[in-house]
Amino acid sequence: MQSERENPKLSIVSGLREGEQLQIQGSACIIGRDPSADVALDSPFVSRQHAEIRCEGVYWTIVDLFSKNGVFRNKARIEPGEPVLLHNNDEIQIGSVCVFKFLDPEDTLLESDLQMRTPGVWLDELNREVYVHHQRLDPPLSQQQFDLLATLFHHQREVVTNEMIAEALWPGAVGGVENAAIDNAFSRLRSRLAEQYPGHEYLETVRGVGRRFVQREG
């Protein structure tokens, strides 16, 4: 049960309150500008209730509480209102104000258990490795391919727009990103996943809207 485990810690590595290490108390932790927040960040660029870290059974998630300046997990902006699974050593950025590490060493055992029970694609984000049908993808994905897969993987069953993909792969690109570049990146990733398990298409194109990751069931 969760009460038998030590709650994770947040280690602030840059920005406001740099150098502090805070242990999450209870099953939820609010991060925001409000002085009553569990992690209070006194900045006009932080929303009053900016983000929440929650215990979901034996796992922990982070949710962007529809903040103005966003929440980033491992440099990728997360979708407001959608819980995103956290892993040990994940980097969380609150707008442009604060960056901290999520520290939960016991998560390693939970990840291994979840990986063995996941029939399709599984991401080991700490080591930037991908498993398809319990087999490690070798050679590993390029950095860009891994970042694209992670963006799609964390929005399972949702359509990810070309704008979201461009921001994840080419943040701050001057003049925007051509759709052809996104098409090429998507095609190369699809081919790499098919090398390991050609019997299932994990990546779908939703014409005129964007792309989607579809996990293999069983």
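How exposed is Arg-136, and what is its relative accessible area? Arg-136 is partly exposed, at 45% (buried means under 20% relative accessible area, exposed over 50%, partly exposed in between, with a 1.4 Å probe and protein chains only).

**View 1. The whole protein has four helices and 17 strands.** Everything here is a predicted model, where local features need pLDDT of at least 70, side-chain atom pairs count only at pLDDT 80 or more, and totals for chains, interfaces and linings use all residues. Residues are numbered from 1 along each chain as its sequence is written, and side-chain values use heavy atoms, with hydrogens and water left out. Helices (H or I, at least four residues) and strands (E, at least two) are DSSP runs, numbered from the N terminus. Of the 218 residues, 44% are buried. The accessible surface comes to about 11500 Å², and carbon and sulfur atoms hold 49% of it (Shrake-Rupley method, 1.4 Å probe; for residues, only the protein chains shown count as cover).

View 2. Look along residues 162-169 and you'll find Asn-162, Ile-165, Ala-166 and Leu-169 buried. An α-helix has 3.6 residues a turn, so residues three or four places apart point the same way. The buried residues of α3 pack against α2 (143-153), β15 (160-161), α4 (179-196) and β17 (210-213); contact here means heavy atoms within 4.5 Å.

**View 3. Three strands make an open antiparallel sheet.** The order is β15-β17-β16, with two strands counted as paired if DSSP finds at least two bridges between them. β15 and β16 stand at the edges with a single partner strand each, so one side of each has no neighbour in the sheet. Helix α2 packs on this sheet and touches β15, β16 and β17, its direction making about 80 degrees with that of β17 (axes are lines fitted to C-alpha atoms, for helices over the stretch in contact, and angles run from 0 to 180 degrees between N-to-C directions).

**View 4. β16 and β17 form a hairpin.** Strand β16 (residues 203-206) pairs with β17 over four bridges. Leu-203 has Phe-213 as its bridge partner, while Val-206 stands opposite Gly-210. Three residues sit between the strands, and in this hairpin Gly-208 takes a positive phi near 80 degrees.

View 5. Most residues other than glycine have a negative phi, and most peptide bonds are trans. Arg-17, though, has a positive phi of about 65 degrees, in the loop between β1 (9-15) and β2 (21-23). Lys-75 has a phi near 75 degrees and counts as exposed at 65% relative accessibility. The peptide bond from Asp-138 to Pro-139 is cis, with omega near 5 degrees.

**View 6. The structure holds eleven salt bridges.** A salt bridge is a side-chain nitrogen of Lys or Arg within 4 Å of a carboxyl oxygen of Asp or Glu. Among them, Asp-147 meets Arg-128 at 2.8 Å, N to O. Asp-147 lies in helix α2 and Arg-128 in the loop between β12 (121-124) and β13 (129-132), so the pair ties together parts 19 residues apart in sequence. Arg-136 from the opening question pairs with Glu-129 at 3.3 Å, N to O.
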